[in-house]
Every structure is written in structure tokens, then in C-alpha cells.
Amino acid sequence: MSRARLLEAGDRAIAEAAEVLRAGELVAFPTETVYGLGADATSDAAVAALYAAKRRPAHNPLIVHIAGRAALEPLARLDARAERLAERFWPGPLTFVLPRRPTAPVSPLATAGLSTVAVRVPAHPVALALLEAAGQPIVAPSANRSGRVSPTSAEDVALELGDAIALILDAGPCRVGVESTIVDLSEPDRPVLLRPGGVPRAAIEEVLGPLAEAGDGEARPRAPGRLASHYAPSLPVRLDALEVEPDEALLAFGPRVPSGAFATFNLSPAGDTTEAARRLYALLRAADRSGARQIAVMPIPGDGLGEAIRDRLRRAAAPRPSPEMRSNGAD
Ligand code: TXA
Ligand code: MG
């Protein structure tokens, strides 16, 4: 298959990308969190092509991206909690799961047949311009093969999906570096944190009060795509390393770093979880390519974006499913 074209995301390129989306084809584009792989959410064929390009299992629903609060009206019902959160955090790295309107112009494939829909307004000028120009809600999972490390640069998208898509909009590295926080507001009783992400839990709890955990006393899994192994590099990953072996690549954090690694990649020498989140996926990829036998990761504190970083690293270190089980795979 031909290779993707990488276009610097100026006005002309954005207009062209919007045309490609309207024609039912796929475009990778930057958001503040990670690069997304976009498809017209209203088109069954476009959404099916997106699942195929990512090799994503069909039971794992997608996030619908919109240009602003107004575009949400036809898709889902907002209650007072969602209104408050949208007011405070949109555009931004926060996704809501809401009851889907029966008339929502979104392919049922995108929501995997659920009665809910996940929505967000990304805080990135290129993403917003593209969504405006496309004039349709756009589904956009992270632009990686299902289960692998998410891309935070256009070059990393090309490495992941360059042979499966036609166009990549390039606007440099992503500012936040981990995916959006997902809060399930589909039930009136208690909001549930489905995925820690770019908005720290504490900021959301300031608005909503305590968030329940996905899985707490629940009969059904609410986040179908949140499987154990995910964000996985090729090499094995060892967590909470206080010492390092000579054949290990070290993903370090903070000023005090054990010596003797095959190669060392420091997420944040200053010990700042915001900086570490921004650099996480690029350094995980660099460690993966370093020629080491395994990746060792120092302990990461849970404050700020640390909860999201720890979540991703735990999944990166989880036992990998066998190829036959991959049909159960992650996003
Ligand atoms: O930051 C982000 O959110 C990025 C950028 C590109 O916007 N997108 C992203 O999409 O991370 P993806 O597909 O990699 O992750 C979407 C997650 C999955 O875990 C999926 O299961 C969950 O959202 N999800 C989507 N719709 C859902 C729904 N209706 N109910 C529960 N979980 C849902
Ligand atoms: Mg993903």
C-alpha cells in the first residue's frame, strides 16, 4: 500500500483534510492529548474503515469529537453536571459518556451499539479548525494500531499507520501527551472515572465531588476498551524499578537516577508529572528502539497527571494477549 502524505497543518492542508473526511476517508490529525485518526462519525463505511485501519475490535466504541458545545445538542442529553464540567474544561482533555439521543447522527458502529456516546471538544487549534471545516462530528481514536503506544507526533503516526492511511496533518508534538480523562455521566447517581487522563482527577472532583471507580460494585464493564494490556511497546516493561540491570533501558523520573542502565530516558529530571506526561509516549518509543532487552520504569508519583501516567504504564507492563486473543484487544 502507498505511504501516507504528511502535510504541515496550514489553512490549505486543513481544508484538504476536511474534504478527505467528507469523502468518507481517514485523516490523522493533532489534538492537545495525542494524534487522533479521524473519520466521519455519521458514515457507517468511514467508521468501518477506521476500525479496519487500527485493527480495533468492533466492541470498543469511539470518542466523537466536536468543535464546540453547540454541536453536542443533536448527539446527547446533558444534565447539570455535564454543563458544569463543559463550562469549566471544554475545549480540553475531558471526555463525557452521556446517554445517546436515539436520533443522534452517529453511526451505531462508532458507539458499538451502546445507548451511550462519548464526546469531547479538543483544545487544539488545528483539530478545532478541521472539525469546523468538516462540518460533521468526527470519531477519533488515538492514531496507533490497537493495543500499541499512542502517537504524540506526526512522525510517530506515520510509523504506526503510514501504510494504512492517506493523510497525516502535522502540527508538531502534542502539549498534554496522554489521552483525555473519561467520565461516565450516563447514570444520574454517581459519576464514574473510566480513564484517568489529561485533566487530573482532583480538578474534576472540585466540580463534581468524589468520582467512583470503573468496576466498583458494577455488574457490567462500563469501559469496554479498557483492557489490561494496552499502550504496549515491543519490549517487556518492568515497573517501580529502584535499580537497573545493564541490559535494561531505564525510563527515569526525577533528579535521582540509578546508574548502570543500557540507556536512560528521563521523563522529567525536575520531577514534574505534567512534563512527564508530555514526554511519556515518545520516550517509551525511544526506549523500545534502544536495543535493550527490557524497559525498566522508576516509580512515578500519583499527583497531577501521575495517575494517568501510572495507568498507562501499568497497561504497558501487563501480560500481552496471544495473537488469537487480540480480537479482544484494546484501543
Ligand atoms: O485524548 C483522547 O481522548 C484521544 C484523542 C485522539 O482525542 N482519543 C482516544 O480515543 O484516546 P481511544 O479510542 O484511543 O480511546 C477511547 C476510549 C476507549 O477506552 C473506549 O472504550 C472508551 O473511550 N469509550 C468510547 N465510547 C464509550 C462509551 N460509550 N462508553 C464507555 N467507554 C467508551
Ligand atoms: Mg487509544
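In this predicted model, Leu78 is buried, with a relative accessible area of 18%; buried denotes under 20% relative accessible area, exposed over 50% and partly exposed the range in between, computed with a 1.4 Å probe on protein chains only. Leu78 lies in the loop between β4 (63-65) and α3 (80-89), where helices (H or I, at least four residues) and strands (E, at least two) are DSSP runs numbered from the N terminus. Leaving aside residues up to four places away in sequence, Leu78 touches Arg69, Leu72, Glu83 and Leu98, contact being defined as heavy atoms within 4.5 Å. Leu98 is 20 residues from Leu78 along the chain, and their C-alpha atoms are separated by 7.1 Å.

The protein chain contains 8 helices and 15 strands. Its radius of gyration is 19 Å, close to the 20 Å that the globule rule gives for 331 residues, so the chain is as compact as a globular protein of that length. The radius is taken over C-alpha atoms, and the rule is 2.2 Å times the number of residues to the power 0.38. The C-alpha trace spans about 60 × 50 × 40 Å along its principal axes. Of the 331 residues, 58% are buried. Among contacts with a separation of 6 or more, 69% are between residues 24 or more positions apart.

Two packed helices are described by the angle between their axes and the distance between the axes. The axes of α1 (residues 11-22) and α4 (residues 125-134) come within 9 Å and cross at roughly 50°. Axes are lines fitted to C-alpha atoms, for helices over the stretch in contact, with angles from 0 to 180 degrees between N-to-C directions. α1 is therefore oblique to α4; angles under 35 degrees count as roughly parallel, over 145 as roughly antiparallel, 65 to 115 as roughly perpendicular and the rest as oblique. Ile14, Ala17, Ala18, Leu21 and Arg22 of α1 meet Val126, Ala129, Leu130, Ala133 and Ala134 of α4. This contact of α1 with α4 comprises 9 nonpolar, no polar and 1 charged residues (nonpolar: Ala, Val, Leu, Ile, Met, Phe, Trp, Tyr, Cys and Pro; charged: Asp, Glu, Lys and Arg; polar: the others, Gly among them).

The axes of α7 (residues 273-289) and α8 (residues 306-317) come within 9 Å and cross at roughly 25°, so these helices are roughly parallel to each other.

Residues are numbered from 1 along each chain as its sequence is written, and chains are lettered from A and ligands numbered from 1 in the order in which they are written. In this predicted model local features need pLDDT of at least 70 and side-chain atom pairs count only at pLDDT 80 or more, while totals for chains, interfaces and linings use all residues; side-chain values use heavy atoms, with hydrogens and water left out.
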